[in-house]
Amino acid sequence: MTPSVQRLKRILRKRVHDGVVATVAGIAGIAASYGIAGFTPEFIAGPIAGVLARRMPGAVITFVIVFLGDLGQYLNLFTAIIFAYGLLAFTVVTGFALGRRVKIPFVAPIVAGVGSGFLSFVVTRGTIASAGTGTAVAVVVLISELLSLGRIDDLLPAQRAKTFSPPRRRVLGGLSSGFALSAIGFMFGQQGGTHGDTIDTDRDVGNTGGDTEQSVSSLLDEAASKSLDVAGLEPLVSEDFYKVDINSTDPTVDVEDWSLKVTGAVDNEVTYSYEELQAMETENRFVSLRCVGDPINGKKLDNAVWTGVPIMDLIEPAGVPDTCCVMLRAYDGFFEEFPVEALENGLLAVGMNGKVLPRGHGYPARALIPGHWGEINVKWITHIEILEQEQEGYWEKLGWHGTGPVNTIAKLHVENRLEDGRIEVAGHAYAGTRGVDKVEVSTDGGETWTEAKLSDPLPGNDVWRQWVHRYEPPVEAHTVVVRAVDGNGNLQPQEQSNAFPSGSTGWVSTEIDP
Ligand SMILES: Nc1nc2c(c(=O)[nH]1)N[C@H]1C(S)=C(S)[C@@H](COP(=O)(O)O)O[C@H]1N2
Ligand SMILES: [Mo]
């Protein structure tokens, strides 16, 4: 072999070696970060996913929401993880390059470890998870160096290079110890650290209002007994409440540092601590939420019993002038604006289904604004800012119109074959504060209509209902169509439209082949 070919081979071997170690170290670093931080903003991919989502052009986000739904969130997170991996791998490659230049052992693990920890801290501001990330990366690089010490001709004098073990064994050894380490780091992280889940919201919300107030448990019982007995149909209090967030990770709010401020065009600003909120009189209410991005037969419509303080009790002490609108702002950078009148029956929720408000649904507090699209029900709320002039909210800047009242919708989520040969179709219907008066079903593609059976209404002025219809199936394939009539007697519009920009409309239909 000519010397130049040998040189080329050596460079190539170095590149492959560096690449493999950087990959293992990157994976170990991400595993450690996730293990320690969990699914919180201290996880290295969390803030990156947020930045990616915010930098994305509105049209792309709209496309993702309308056509990819939840898949879009995963795609975003996946991309963020690749970015995070790139950052960590970069520190490793830099470490090796520097180490070779200065020809001092252990420069690479130090540079890679400190670099990774630093970058993680810059991204997340989380100290413990960043230290863990840096350590995991450093350890993997250190192991790779220890394994190859005997042969690295560019680190040590050339004559010692003979003692090295065969390259494949080295790589395999490095790989498996790297993976073992990430697994160990991950398991340790799962045990302790600054895991967001250490904010324990799995306790009773307590303080459930005055004597006249119906207790959460009696409301839950009522919902259970009014739920229709249909296999596969979500009960009137959702078992799995949907989530929509601008970030892939939920903020971890420490109530000691949290407050709710009423600011802007008010006579005097008022601030509430969590403790002060808890001392106030609360109410228990059913409120359903639907996201403006929900497709006509999507699943971003749910219902819960919420415990909270009427929002007017919070803003009246501030003295609110006669003005147009209000902006709600949140800990995660989210903000939404809407007409101030909508606050009138609003609730500042601190509890959900009898428990402390879960982190994913806005712990410590969220707004619930009856009859409006989900987006103005701001979670992790920090400010109620009274405005004198209209401004655009987060989603409105991206072209959505999600601050108004919801559309009327009847969904068809269940199709069962009964033992007696009949077919059972069922779903939920929702029309915000207008309420649902009737649901009609057609089993002949819209020629003739029959009234479906509805679940008895639950108390409250923003609550969904269930419907069910059972019929003898015709012999041939047929189209089932469903539509709701709201409390004002308005029939749900037939014409189909996409969720963007102001919520999906149209009758839901499905083909049934008996
Ligand atoms: N702070 C904050 N509040 C938020 C959001 C958010 O991303 N951040 N998403 C909004 C949207 S678009 C919807 S549909 C509802 C969903 O509430 P849920 O996640 O509790 O179902 O929360 C709204 N409140
Ligand atoms: Mo939404």
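Glu 222 and Lys 226 both sit in helix 8, residues 216-226. They are 4 residues apart, about one turn of the helix. Bear in mind that this is a predicted model.

What do the side chains of Glu 222 and Lys 226 form? They meet in a salt bridge, 2.8 Å from N to O. In general, side chains of opposite charge can pair when their charged atoms come close. Now look at the cover on each partner. Glu 222 has 18% relative accessibility, so Glu 222 counts as buried, the limit being under 20%. Lys 226 is at 22%, so Lys 226 counts as partly exposed.

How many salt bridges does the count come to? The count is 15. Let me show you some others.

Take Arg 417 and Glu 415. Their side chains meet in a salt bridge, 2.9 Å from N to O. Arg 417 is partly exposed, with a relative accessible area of 47%. Glu 415 is partly exposed too, at 36%.

Next pair. Arg 434 forms a salt bridge with Asp 486, and the closest N and O atoms are 2.9 Å apart. Where do these two residues lie? Arg 434 is in the loop between strand 13 and strand 14. Asp 486 is in strand 18, residues 478-486. So this pair ties together parts that are 52 residues apart in sequence. Arg 434 is partly exposed, at 24% relative accessibility. Asp 486 is buried, with a relative accessible area of 2%.

There is also a network. Asp 202, Asp 204 and Lys 355 are joined into one by salt bridges that share partners.

Now to strand 13, residues 423-430. Is strand 13 largely enclosed or open? Of its 8 residues, 8 are buried, so strand 13 is largely enclosed by the rest of the structure. Both faces are covered. On one side you have Ile 423, Val 425, Gly 427 and Ala 429, all buried.

Which strands pair with strand 13? Start with strand 11, residues 409-410, which pairs with strand 13 in the antiparallel sense over 2 bridges. There, Ala 410 stands opposite Ala 429. Strand 12, residues 414-417, is antiparallel to strand 13 as well, over 4 bridges. Strand 12 and strand 13 make a hairpin, with 5 residues between the strands. In that hairpin, Gly 421 takes a positive phi near 95°. Then comes strand 17, residues 465-471, joined to strand 13 by 7 bridges. These two run antiparallel. Glu 424 stands opposite Arg 470 in strand 17.

Last stop, the surface. Phe 106, Ile 110, Val 114, Leu 142 and Leu 146 form a nonpolar patch there. Together they have about 440 Å² of accessible area. Helix 5 and helix 6 are the elements that give two or more residues to this patch. Val 114 has its place in helix 5. At 57% relative accessibility, Val 114 counts as exposed.

Which residues form the positive surface patch? They are Arg 7, Lys 9, Arg 10 and Arg 13. Arg 10 lies in helix 1, residues 3-37. Arg 10 is partly exposed, with a relative accessible area of 37%.

Conventions: Residues are numbered from 1 along each chain as its sequence is written. Chains are lettered from A and ligands numbered from 1 in the order in which they are written. This is a predicted model: local features need pLDDT of at least 70, side-chain atom pairs count only at pLDDT 80 or more; totals for chains, interfaces and linings use all residues. Side-chain values use heavy atoms; hydrogens and water are left out. Patches are made of residues with over 30% relative accessible area and no salt bridge: like charges are joined within 9 Å, nonpolar side chains (Val, Leu, Ile, Met, Phe, Trp, Tyr) within 5 Å. Accessible areas come from the Shrake-Rupley method with a 1.4 Å probe; for residues, only the protein chains shown count as cover. A salt bridge is a side-chain nitrogen of Lys or Arg within 4 Å of a carboxyl oxygen of Asp or Glu. Lys and Arg count as positive and Asp and Glu as negative; His and the chain ends are not counted. The place of a charge is taken as NZ of Lys, CZ of Arg, CG of Asp or CD of Glu. Buried means under 20% relative accessible area, exposed over 50%, partly exposed in between (1.4 Å probe, protein chains only). Two strands pair if DSSP finds at least two bridges between them.
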